[in-house]
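Reader: Could we go through this structure together? I would like to begin with one residue and then turn to the whole chain.

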Amino acid sequence: MSDEEKKKKKKGEQLAEGTLMSHLLELRDRLMKAMVALLVAFIPCAIYSNELYDIVSKPLVAKLPEGSSMIAIGVIAPFMAPFKLSFYVALFAAMPVIIYQLWAFIAPGLYRREKRFAVPLLLSAVILFYVGVFFAYFAVFPVMFEYLVHSGPTSVKMQTDISSYLDFVVTLFFAFGVAFEVPVAVVLLVLTGLVRVEKLSENRGYVLIGIFVIAAILTPPDALSQCIMAIPMYALYEGGLVMARIMQKMRREAADEREKEEAEAS
């Protein structure tokens, strides 16, 4: 290898190393900004942690028999349960900033046409997750706790531990948030070419059965709670099919426009 080739190789390695370091530094800056956003959201949540817990526990407390209340089994549970909830609420509130920082780090490596599809999908995913969480709190919890409180033997007095309740509702919040991502999942399956939208339309019956199975696993064993989760999921599935057709059409139009521009340029 000649001296000139060695110099070129060394220069290329230095450029690659510099590029890698710049990416790592940018990633560090993005992570720091996300952590700052989380900290800013956490401080007021920690100050009002007890009030936040009262709000989250309201659907169950409202259904408890008169004279009943929630209890704390652990010694530090009255402090730790609201404190953990403060972190979850802060993460929930700071999520748009965290996702934006992630997007700002990834976006420069995407093509313009990829950004056109990624931005609406990302926004839809965030909004649908929030909708799923609020749907669980306002629509599912009142019905579910009404059933759970009155389904036990009359000799049993229900007094739920605050830590157990927090773990239960956080799991359900996450489950409903993810369940409401069905339209985004459908669009991604179609756009990546893994499944044709026509195939998804033909297999509606199997999808409906699968949705009710998922709802049966995630909700208490009563038909009303299952329907409250399954019906919106199926409606979102149909909405995902509509979105997939629209974005497929947009992709075809963009491809035709690009081919036309290339033909005119040649």
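Predicted model: local features only at pLDDT ≥ 70, side-chain atom pairs only at ≥ 80, totals over all residues.

Reader: Where is the place of Leu64?

Author: Leu64 lies in the loop between helix H2 (49-61) and helix H3 (77-106).

Reader: Is Leu64 buried or exposed?

Author: Leu64 has a relative accessible area of 10%. Buried means under 20%, so Leu64 counts as buried.

Reader: And what separates the C-alpha atoms of Leu64 and Ile162?

Author: Those C-alpha atoms are 14 Å apart, while the two residues are 98 residues apart along the chain.

Reader: Let us turn to the whole chain. How many helices and strands are there?

Author: The chain has nine helices and zero strands. Along the sequence, the pattern is therefore written α-α-α-α-α-α-α-α-α.

Reader: What percentage of the residues count as buried?

Author: Of the 266 residues, 33% count as buried. The chain exposes about 16,800 Å², and carbon and sulfur atoms supply 67% of that area.

Reader: Which residues touch the most other members of the largest nonpolar core?

Author: They are Tyr53, Phe141, Tyr165 and Phe173, in a core of 56 residues. Helix H4 (residues 112-151) gives the largest share of this core, with 12 residues. In soluble globular proteins, nonpolar side chains tend to be buried together.

Reader: What is Phe173 in contact with, leaving aside its neighbours within four places in sequence?

Author: Phe173 is in contact with Val56, Val133, Ala136, Tyr137 and Phe141.

Reader: Now helix H6, please. How many of its residues are buried?

Author: Seven of the 10 residues in helix H6 (residues 182-191) are buried, so the helix is mostly covered. The buried residues are Val182, Pro183, Val184, Val186, Val187, Val190 and Leu191.

Reader: What about Gly193, which follows H6?

Author: Gly193 has a positive phi, near 80°.

Methods:
Residues numbered from 1 in each chain as written. Heavy atoms only, no water. Helix = DSSP H or I, 4+ residues; strand = E, 2+ residues; numbered from the N terminus. Buried < 20%, exposed > 50% of the residue type's maximum accessible area, 1.4 Å probe, protein only. Areas by Shrake-Rupley, 256 points an atom, 1.4 Å probe, with all protein chains shown as cover. Core = buried A, V, L, I, M, F, W, Y, C linked by side-chain atoms within 4.5 Å. Contact = heavy atoms within 4.5 Å.
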